[in-house]
Amino acid sequence: MSVTADHIRDRLIKELAAVHVEVEDTSPNRCAASFKVLVVSPQFENKPLLQRHRMVNACLAEELKEIHAFEQKTLTPEQWKKQNSQ
Amino acid sequence: MNNLFRSAARCLRSGSAVCVPRQTDGRSQWASVRLLCSAADLQKNLGEMVKKDKVVVFMKGTPAQPMCGFSNAVVQILRMHGVDNYAAYNVLEDQDLRQGVKDFSNWPTIPQVYFNGEFVGGCDILLQMHQNGDLVEELKKLGIRSAVLDAEKESK
């Protein structure tokens, strides 16, 4: 498996100016390479959910070719702060 | 091309329909898309498939028997909202369909949900829409009244 959690994290930080990234390797729960990511980036501001997810997909296009399952949560810094305060 | 002839021959031999067997059991319809001449044809067919029904889901398995946790989640969410009559295509039955729909939607994973011919997203997005109330609104736009609203009314 050449795709690692660290690699994914680096790409998200670099390409989406993510201020906070959580990458969980969920492969043990599934049959093949699987990841769950949380991305917090100001670039998501004013963008509808689908567009945000497409941005992440584009950023990880090469990696996704090798990944079997992928979950993502995309938040703006404000949404992230709000979620944390609850 | 040989692969195609072989799979078509296999279809005809085993008796499974080559065209589009629609099985309406009142809950959902599914269609097996076989015998497609080329990738380009598949793309064209997909364009029609997503518009043919208000709600279209490309998934692993069937609504009666999902073969993946994410696909199952989509089925459960739709069921919760009382959406029973939708087109569900099992990508596990057809490798061309499985890859073709990813190219068509420009989306890397299955399941994939379409409302009125428009791509909505996968399981994550549907789940978030369900949690934040957007799904009820989107269904309303399709002319579908979410069962969740009736449940709320009853509890008041």
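1. Start with a definition: two rings of Phe, Tyr or Trp (the six-membered ring, for Trp) count as a pair if their centres lie within 6.5 Å. On that basis, ring pairs tie B:F58, B:Y89, B:F104, B:W107, B:Y114 and B:F119 together into a cluster. Over all chains, the structure has five aromatic pairs. Keep in mind while reading on that this is a predicted model.

2. Now for chain B as a whole. Its secondary structure amounts to seven helices and five strands. Going from the N terminus, you pass through them in the order α-β-α-β-α-β-α-β-β-α-α-α. The chain has 156 residues, and 44% of them are buried. If you take the contacts in chain B between residues at least 6 apart in sequence, 60% of these join residues at least 24 apart.

3. Strand β4 of chain B, residues 112–115, deserves a look of its own. Which of its residues are buried?

4. What does β4(B) pair with? Strand β2 of chain B (residues 55–59) is one partner, antiparallel to β4(B) over four bridges. Here B:V55 sits opposite B:F115. Strand β5 of chain B (residues 118–121) also pairs with β4(B) in the antiparallel sense, over three bridges. In this pairing, B:F115 has B:E118 as its bridge partner. Together β4(B) and β5(B) make a hairpin with two residues between the strands, and B:N116 in the turn has a positive phi of about 50 degrees.

5. Over to chain A, where three strands form an open sheet in the order β1-β2-β3, with mixed pairing. At the edges are β1 (20–25) and β3 (69–75), each of which pairs on one side only. From one strand to the next, the twist averages 10 degrees. Strand β2 of chain A (residues 34–40) runs parallel to β3(A), and the two pair over seven bridges. Within that pairing, A:L38 stands opposite A:K73. Helix α2 of chain A (residues 49–59) packs on the sheet and touches both β2 and β3 of the chain; its direction makes about 125 degrees with that of β3(A).

6. Where the chains meet, 13 residues of chain A and 14 residues of chain B take part in the contact. The area buried between the two chains is about 1200 Å², and carbon and sulfur atoms supply 60% of it. Which residues of chain A lose the most area to chain B? They are A:L49, A:L50 and A:R54, together giving 38% of what that side buries. The numbering places these three within helix α2 of chain A, residues 49–59.

7. Last, a word on A:D6, which lies in helix α1 of chain A (residues 5–16). Is this residue buried, exposed or partly exposed? A:D6 counts as partly exposed because its relative accessibility is 48%. Between A:D6 and A:P48 there are 42 residues in sequence and 27 Å in space, C-alpha to C-alpha.

Methods:
Residues are numbered from 1 along each chain as its sequence is written. Chains are lettered from A and ligands numbered from 1 in the order in which they are written. This is a predicted model: local features need pLDDT of at least 70, side-chain atom pairs count only at pLDDT 80 or more; totals for chains, interfaces and linings use all residues. Side-chain values use heavy atoms; hydrogens and water are left out. Rings of Phe, Tyr and Trp (its six-membered ring) pair if their centres lie within 6.5 Å; planes under 30 degrees apart count as stacked, over 60 as edge-to-face and the rest as tilted. Buried means under 20% relative accessible area, exposed over 50%, partly exposed in between (1.4 Å probe, protein chains only). Contact means heavy atoms within 4.5 Å. Two strands pair if DSSP finds at least two bridges between them. Axes are lines fitted to C-alpha atoms, for helices over the stretch in contact, and angles run from 0 to 180 degrees between N-to-C directions. Buried area is the accessible area (1.4 Å probe) that two parts lose on being put together, summed over both.
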